[in-house]
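Hi,

Here is the structure I promised to pass on.

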Amino acid sequence: MAKDQAFVTLATNDNYARGAMVLGRSLRNHNTTRQLVVMIGTQVSQPSKEVLEKIFDEVRLVDVLDSGDTAHLALMKRPDLGITFTKLHCWALTHYSKCVFMDADTLVLQNIDELFDREELSAAPDPGWPDCFNSGVFVFKPSNETYGRLLEYCAEHGSFDGGDQGVLNGYFSNWATADISKHLPFIYNLSSIAIYTYLPAFKQYGGNAKVVHFLGETKPWSYTFDPTTQMVSGDVKEAPTQHSFLLDWWTLYSASVVPLLAEEYGDQAFDSGCVASVTELGDPGPSSDLLLQVSSQKEAEWKGSSQHQYHPAEPSMSSEERKQKWEQGQADYMGMDSFENIEKKLDAFLK
Ligand SMILES: [Mn+2]
């Protein structure tokens, strides 16, 4: 067990906290030997914090406004970059010698402890501009000196994209050309965007994915899920191939995070995002065992969105099984993953 190395993530509110919970669980399920750290913002509620404490080794509250140091001064210069400053705080975790940062909207599909063999700053290319790295997954070395320099850079130059990725690419500006060993393979940060921009490559290599990154506006927790029928519903704007990963996320969330939340909330109602299907509302089916709360708004959304529902071909397929299927050339090309389907979706999206 490497006690001085850690996976680090960030939750700025309760929604991202759920993402962090699923990420933490996915790392544990794939038997990581490293520590798990979550940095939380001041907006994260007490019950969410309690659940995070059950999953992570360290829960660290980061309140940039509350510090009289360089971070606070930098924030006063660039108030628009509040969340970015919170994320950069990971460099201040100097009780670890090396860390891997992962966004709360990522999900681990295989053990990735080998990332600790890499040096700062290692990251995968961004699918939108591959000479930039995507800052959803990166290897770094905590250091107060680097932290200070990053904040200074941030205050002086700001961020060309308004977020942390712009700042980090500006600071680590020789990433594209200096050292190929700092380029992580794309399978360590596979984003849904790449699935429909280069579908043949996704068919060829997608089964090897180790980390999926739910880039884009709609995050997994924005949907609803019926644990009984294994259906994900909602206003689905992404390509349908993302659906199998979405299902992985919801399966893990409903099975191993919702029970922890239910325990923490007790008698208090909370919106888990899990819903019972219409025919089963009021019928004490298996999903009612968890006393999942269905908000009337979510329920209305669900009822009004039947055209967006996806019925997974094989709901219980694990990532390992899917990988095997891929390797055997048995992806669902004719059904959910057919090019025609994706093209249709893209056309609708691009209109
Ligand atoms: Mn992200």
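Below is what turned up, starting with the metal site. Please keep in mind that this is a predicted model.

**Metal site.** The manganese ion is held by D103 (OD), D105 (OD), D105 (OD) and H213 (NE2), at 2.3 to 2.4 Å. Along the chain, these donors follow the spacing D-x1-D-x107-H. D103 counts as buried because its relative accessibility is 17%, below the cut-off of 20%. D105 is buried too, at 4% relative accessibility.

**Helix α5.** This helix covers residues 144-157, 14 residues in total. At the start of α5, a side-chain oxygen of S143 comes to within 3.2 Å of the backbone nitrogen of E145. After the helix comes G158, with a positive phi near 65 degrees. The buried residues of α5 are T146, Y147, G148, L150, L151, C154 and A155. Their cover includes α3 (70-77), α4 (82-88) and α6 (164-171). For C154, the relative accessibility is 0%.

**Cysteines.** How many disulfides does a search of the whole structure find? The count is 0. Take C90, which is buried at 0% relative accessibility: the closest cysteine sulfur, in C99, is 7.4 Å from its own sulfur, so the pair is too far apart for a bond.

Best wishes

Key. Residues numbered from 1 in each chain as written. Predicted model: local features only at pLDDT ≥ 70, side-chain atom pairs only at ≥ 80, totals over all residues. Heavy atoms only, no water. Donors = N, O, S within 2.8 Å, 3.2 Å for Na, K, Ca; no water. Buried < 20%, exposed > 50% of the residue type's maximum accessible area, 1.4 Å probe, protein only. Helix = DSSP H or I, 4+ residues; strand = E, 2+ residues; numbered from the N terminus. Expected span 1.5 Å × (residues − 1). Contact = heavy atoms within 4.5 Å. Polar contact = N/O pair within 3.5 Å; in protein donor to acceptor, adjacent residues only side chain to side chain. Disulfide = S-S within 2.5 Å.
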